[in-house]
Amino acid sequence: MTVQAVADGSIEIIGVTCCFGSRVALRDLTLTLSERRIGIIGRNGSGKTTLARLVAGLIAPDAGTLHVGGVDVHADRKAAIRKVGILFQNPDHQIIFPTVEEELAFGLRQLGQTKSDARKGAHAMLARFGRENWHDRSVDSLSQGQRHLVCLMAVLAMQPSVILLDEPFSGLDIPTTRALRGYLDSLPAMLVHVTHDPTAISGYDRAIWLDDGRVAGDGPVAEVLERYLAAMEGAGDADADL
């Protein structure tokens, strides 16, 4: 891989270990992610969400290094917000302001824009999605799917190189899922999609299967999913995480 590719937003993970007390969530993980669409699959507790939080810079590894586009996203939060955005499973864990305009403008203010410019940027993003009349809407008045869209617009307004998706379709009905998937598929940014649902990453460029904090499979989506689904079929109910 060239240095230019990494500078443009690729993710370099070298020897990363991450622990929570005595539990090791990721174990000496080394990966270079440069494909446009990457799926991360695995069972509960496999390390998927921990990896997403590390790439977003929300937590630091206990060992090893992680850079997005050459930036240490945990150490340099100002640079990180230009590199990485994240769409959580539950939009209520992400939204912090009472109105849609305030939510969209907040990230732009973090980038150094004036209050006036951030407001204009928020209105421009709403117009892009045909939601101009949402600017003064209370977030509490929106459905879950609509709040997901607000979160997506807030992320896109900051123009990150990489967007992390942590089970973004959970709890959404079929039409809302289809619409949100259409928005995401059209984005030029790299998508790193953490999911339990193999169908959510069909058509992606690469799949990474995590198991017990290590890479159990990595390669073309169809090949990795075939192995993963066979392993899940063979696990049996006795191994279920209840």
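This is a predicted model: local features need pLDDT of at least 70, side-chain atom pairs count only at pLDDT 80 or more; totals for chains, interfaces and linings use all residues.
Trainee: Great, let me start with Gly-145. Which helix is Gly-145 in?
Mentor: Gly-145 belongs to helix 6, which covers residues 144-157.
Trainee: And is Gly-145 buried or exposed?
Mentor: Gly-145 is buried, because its relative accessibility is 19% and the cut-off for buried is under 20%.
Trainee: What does Gly-145 touch, leaving out residues up to four places away in sequence?
Mentor: With those left out, Gly-145 is in contact with Leu-172 and Thr-176. Its C-alpha atom is also 8.1 Å from that of Thr-177, 32 residues away along the chain.
Trainee: OK, zooming out, at what angle do helix 6 and helix 7 cross?
Mentor: Roughly 10 degrees, with the two axes coming within 10 Å. Angles under 35 degrees count as roughly parallel, so helix 6 and helix 7 fall in that class.
Trainee: Which residues meet there, between helix 6 and helix 7?
Mentor: On the helix 6 side you have Gly-145, His-148, Leu-149 and Leu-152, and they meet Thr-176, Leu-180, Tyr-183 and Leu-184 of helix 7. Sorted by class, that contact holds five nonpolar residues, three polar ones and no charged ones.
Trainee: Switching to charges, then. How many salt bridges are there?
Mentor: The count is six. One of them pairs Asp-212 with Arg-27, with 3.5 Å between the closest N and O atoms.
Trainee: Where do Asp-212 and Arg-27 sit?
Mentor: Asp-212 is in the loop between strand 8 and strand 9, while Arg-27 is in strand 2, so this pair links distant parts of the chain, 185 residues apart. Asp-212 is partly exposed at 39%, and Arg-27 is partly exposed too, at 28%.
Trainee: Which residues are in a salt-bridge network with Arg-27?
Mentor: Asp-212 and Arg-214 are linked with Arg-27 in that network.
Trainee: What about Arg-206, which residue does it pair with at 3.1 Å?
Mentor: That is Glu-35, where 3.1 Å separates the closest N and O atoms.
Trainee: Is Arg-206 buried or exposed?
Mentor: Arg-206 is buried, at 9% relative accessibility, whereas Glu-35 is partly exposed at 26% and Asp-218 partly exposed at 37%.

Conventions
Residues are numbered from 1 along each chain as its sequence is written. Side-chain values use heavy atoms; hydrogens and water are left out. Helices (H or I, at least four residues) and strands (E, at least two) are DSSP runs, numbered from the N terminus. Buried means under 20% relative accessible area, exposed over 50%, partly exposed in between (1.4 Å probe, protein chains only). Contact means heavy atoms within 4.5 Å. Axes are lines fitted to C-alpha atoms, for helices over the stretch in contact, and angles run from 0 to 180 degrees between N-to-C directions. Angles under 35 degrees count as roughly parallel, over 145 as roughly antiparallel, 65 to 115 as roughly perpendicular and the rest as oblique. Ala, Val, Leu, Ile, Met, Phe, Trp, Tyr, Cys and Pro count as nonpolar, Asp, Glu, Lys and Arg as charged, and the others, Gly among them, as polar. A salt bridge is a side-chain nitrogen of Lys or Arg within 4 Å of a carboxyl oxygen of Asp or Glu.
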